[in-house]
Amino acid sequence: MVGFLLRAAISALGLWVASQLLDGCTSRRPPSSCLRRCCSASSTLFVRPLAFILTLPITVVTLGLFLLC
């Protein structure tokens with residue numbers, strides 16, 4: 001859980017820095033970018049294991065080479 005929160009905080013900081021440096025990327029407040037990144041990280045938390053399970057047959061057929069991508 002601590003690793004997840006740390007990754008979400010670092011990603012939120014990166015999103016905020018990008019909004020400060022780039023013209024097309026906007027973020028009004030740091031808490032809003034943190035909330036966006038936490039939502040994105042939580043969806044990744046659930047989608048990644050599901051994608052791994054669904055691609056397991058391909059991984060077995062290719063002898064694990066599919067995991068290198």
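**Close-up views of a predicted model**

**View 1. The largest pocket.** The largest pocket has a volume of about 210 Å³. The structure you are looking at is a predicted model. Rolling a probe the size of a water molecule over the atoms shows where empty space is left.

**View 2. The residues around the pocket.** Lining the largest pocket you will find Phe 4, Arg 7, Ala 8, Ser 11, Arg 37, Ala 41, Thr 44, Leu 45, Arg 48 and Pro 49. Two elements, helix H1 (2-21) and helix H2 (30-54), each give two or more residues to this lining. H2 gives the most, with six residues. Sorted by class, the lining has five nonpolar, two polar and three charged residues.

View 3. H1 has 20 residues and reaches 29 Å from its first C-alpha to its last, close to the 28 Å expected at 1.5 Å a residue. Which residues of H1 are buried? They are Phe 4, Ala 8, Ala 12 and Ser 19. Looking down the axis of H1, these buried residues fall within an arc of 70°, so they line one face of the helix. An α-helix has 3.6 residues a turn, so residues three or four places apart point the same way. Turned away from the buried side is a face of H1 with the exposed residues Val 2, Leu 6, Arg 7, Ile 10, Leu 13 and Leu 21.

**View 4. A closer look at Arg 7.** Arg 7 lies in helix H1 and is one of the residues lining the largest pocket. Is Arg 7 buried or exposed? Arg 7 has a relative accessible area of 59%, so Arg 7 counts as exposed, the cut-off being over 50%. Arg 7 and Cys 38 are 31 residues apart in sequence, and their C-alpha atoms are 9.1 Å apart in space.

Notes: Residues are numbered from 1 along each chain as its sequence is written. This is a predicted model: local features need pLDDT of at least 70, side-chain atom pairs count only at pLDDT 80 or more; totals for chains, interfaces and linings use all residues. Side-chain values use heavy atoms; hydrogens and water are left out. On a 1 Å grid over the protein atoms alone, a cavity is a set of points where a 1.4 Å probe fits but cannot get out, and a pocket is an open set with protein on both sides within 12 Å along at least five of seven lines; lining residues have an atom within 4 Å of a point. Grid points are joined across faces, edges and corners, and a volume is the space filled by probe spheres set on the points. Helices (H or I, at least four residues) and strands (E, at least two) are DSSP runs, numbered from the N terminus. Ala, Val, Leu, Ile, Met, Phe, Trp, Tyr, Cys and Pro count as nonpolar, Asp, Glu, Lys and Arg as charged, and the others, Gly among them, as polar. Buried means under 20% relative accessible area, exposed over 50%, partly exposed in between (1.4 Å probe, protein chains only). The expected span of a helix is 1.5 Å times one less than its number of residues. The arc is that of the directions from the helix axis to the C-beta atoms.
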